[in-house]
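These are my notebook entries on a structure that I went through piece by piece. I wrote down what I looked up and what I found each time.

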2 protein chains.
Amino acid sequence: MKTRQVTIKDIARQLDISPATVSRALKDHPDISKHTKKAVIELANSLNYQPNSIALSLRSQKTFTIGVIVPEIIHFFFSSAISGVEATAYKAGYNVVICQSNESYEREVANVNTLLNNRVDGILISVSKNTTDFSHLKKVVNMGVPLVFFDRICNEIDAHKVIVEDKKGAYNAVKHLIDQGYKHIAHLSGPESLQISRLRKDGYLDALKDNGIAHDPRLLLQADNRMSGYQNMKKLLQLEQRPDAVFTVNDNVAIGAIKAIKEAGLKIPQDVAVIGFSDDQKITSLVEPHLSSVAQPAFQIGQTAGELFLKQITNSDSDSFEEVVLDTELIIRGSTDSAKL
Amino acid sequence: MKTRQVTIKDIARQLDISPATVSRALKDHPDISKHTKKAVIELANSLNYQPNSIALSLRSQKTFTIGVIVPEIIHFFFSSAISGVEATAYKAGYNVVICQSNESYEREVANVNTLLNNRVDGILISVSKNTTDFSHLKKVVNMGVPLVFFDRICNEIDAHKVIVEDKKGAYNAVKHLIDQGYKHIAHLSGPESLQISRLRKDGYLDALKDNGIAHDPRLLLQADNRMSGYQNMKKLLQLEQRPDAVFTVNDNVAIGAIKAIKEAGLKIPQDVAVIGFSDDQKITSLVEPHLSSVAQPAFQIGQTAGELFLKQITNSDSDSFEEVVLDTELIIRGSTDSAKL
DNA sequence: AAAATTTATGCAAACGGTTGCGAATACGGT
DNA sequence: ACCGTATTCGCAACCGTTTGCATAAATTTT
């Protein structure tokens, strides 16, 4: 019953020719006679011959596989980005293997090592928030394996990068709050280790400054998930001068903040407005009121990362790297605009 | 700068011994002298030697990789299940490659083929809802590649399976609605092609029957995403005798139904109760009121699937297969119980 | 008819590692 | 001094495929 995978040698044996001839016949090499080619191809089809990718990889030193490392696939942003990578990869004949770092530095290092041991042709990564040492990624570069950063990039390493206008997106979000008449705008920012956190915070600060609002450090706390968003929003609401709006580093923090605001008996957006970042479509239209957010083109980010990888392998001598910066879009919903309730 | 990966041959050349000796030294083979071992291991470490998995796979005919095919990683259930698979796989020294079928039969077939060409040691799959022909999976079995189904299984194929008590879970959900006093209970069921849909529907029907409620076919419609859940709930609400409760095949359909109910100006759960299936934690506690649901142990399902795979490879002569059935848990929230609002 | 060229195929090495078997050396026992 | 036995290592084959080169036969050129 067990039908072992048929190899080129099986075909060769059955036709009483050499494996070399079979190999050439299958790829339509001009040296091989029409007659032989026909016989080989027919037998290959009838036996359902499938080339052994392992052997191919060993021989060609190429696996036609690219590794993608993300913190967690459960997040809408990352799974969309992965789908984007897959789209370009499949088109170019590449496979994609997905690794989750679970926001753990050690796991990320382990991921990199397995990908390297499996000789992937390239690595696309969005780094864990707990990664501060980048030697595992420098090793990737040193080994000549193409490396592309997306979203959560590392500035210490020269490589292709795909990011969004984090600062501008954040600026627009806060500007929108100001335009809506909010005066005491808080920010729940992400871990300082991530450039995206720093940039979004900078956008927040710039928007305040440009609009003549003094920055109150008490309105700036850190949070990077629902729980901490909830807890720190609670703290913000206990200030003698509580904020009347909050911009959060991502949508999950915003969800936590909304919970805290509702529990405090305050109305959104009348008493406190909330705006997130990323526009996780699984949740922004679910919470009441619908959450305003800064949409990132996640799929396109993945696509672009894939394209940069392809560019690097076709143009491997070039040592200049691109930093592609994509635009964000401000999505206004009920959480910041009562007209949209 | 480019540090090509160092091979066993490099080490052999530097120490002026044969590759065979290096290989044996590295795996502490008793034939090799302490002195040689020490030299080899030290050099290997200093050169940061990493065995080439490709070569290993070719030689041993094992890749230590298992392929997992799911419809879409974006869903909480599937990403949790994947994490479960990874947990057991990593512990046993296996890698996991994830494929998305995107609920497309063609893509699923393509996924199976790439996995086979890459000679994975096993395939774990939750089939697409558009898969009605299973020859691609029969091929997997015929080739002697261990196959494990989880959640969305196929009855035509003899293989290990991991499922939950879908019927019982559905029964309990509907029983709960009945206990809460609801009389006209609708069901938005999934595609008939999936056994889980059929079982959940059966559980619904059984619960009605066992409690002396006549089944009204007008209260049974199909829906498998937010949009269709919304649309078909709307239809249900237009019936002259509208339902006062609805049990949906999954949480996203429930979300759509909730939207329709709210738009109709009806109160949840006073006018209409809603209960979903799966307990997608990203959303059940987000929607207002919080959604009751039948929780599936997604992580454990993945873990178990991984364990069944391991069992099959260590015990490859056995041709008896297990069907592991895990329990569900009824999670009662505000959408079915006003006491929980 | 001899030489040159084309046509069609096979040999063997290579990719990187493993492993059965044989061989060389050293050592102990008689 | 001789034999048996460890000890330590290398040779070569193998996994499946590709490819430079050689080779043989067939064909063309001179």
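Before looking at how helices pass one another, I noted that a crossing is left-handed if the near helix is turned anticlockwise from the far one by less than a right angle, and right-handed if clockwise. I also noted that helices (H or I, at least four residues) and strands (E, at least two) are DSSP runs, numbered from the N terminus.

Ground rules. This is a predicted model, in which local features need pLDDT of at least 70 and side-chain atom pairs count only at pLDDT 80 or more, while totals for chains, interfaces and linings use all residues. Residues are numbered from 1 along each chain as its sequence is written, chains are lettered from A and ligands numbered from 1 in the order in which they are written, and side-chain values use heavy atoms, with hydrogens and water left out.

Entry 1, the two chains. I looked up how the copies are related, superposing them by least squares on the C-alpha atoms of residues with pLDDT of at least 70 in both. Chain A can be laid on chain B with an RMSD of 0.1 Å by a turn of 180° and a shift of 0.1 Å along the axis. That is the relation of a two-fold axis. Because 100% of the interface residues of chain A are also interface residues in chain B, the copies meet through the same surface.

For angles I used axes that are lines fitted to C-alpha atoms, for helices over the stretch in contact, with angles running from 0 to 180 degrees between N-to-C directions. The axes of helix 4 (residues 53-60) of chain A and helix 4 (residues 53-60) of chain B come within 9 Å and cross at roughly 135°. The two helices are therefore oblique to each other (under 35 degrees counts as roughly parallel, over 145 as roughly antiparallel, 65 to 115 as roughly perpendicular and the rest as oblique). Helix 4 of chain A passes helix 4 of chain B in a left-handed crossing. Where contact means heavy atoms within 4.5 Å, A:Ile54, A:Ala55, A:Ser57 and A:Leu58 meet B:Ile54, B:Ala55, B:Ser57 and B:Leu58.

The axes of helix 1 (residues 8-15) and helix 3 (residues 34-46) of chain A come within 10 Å and cross at roughly 125°. Helix 1 of chain A passes helix 3 of chain A in a right-handed crossing. Helix 1 contributes A:Ile11, A:Gln14 and A:Leu15 to the contact, and helix 3 contributes A:Ala39, A:Val40, A:Leu43 and A:Ala44.

Two strands pair if DSSP finds at least two bridges between them. In chain A, 6 strands form an open sheet in the order 7-6-8-9-10-12, with mixed pairing. Strand 7 (220-222) and strand 12 (329-331) of chain A stand at the edges with a single partner strand each, so one side of each is left without a neighbour in the sheet. The twist averages 20° from one strand to the next. Strand 10 (residues 292-295) and strand 12 of chain A run antiparallel and are joined by 3 bridges, and A:Ala295 stands opposite A:Glu329.

Strand 6 (residues 185-189) and strand 7 of chain B pair in the parallel sense over 3 bridges, with B:Ser189 opposite B:Gln222. Helix 10 (residues 226-237) of chain B lies across strand 6, strand 7 and strand 8 of chain B, running at about 150° to strand 6.
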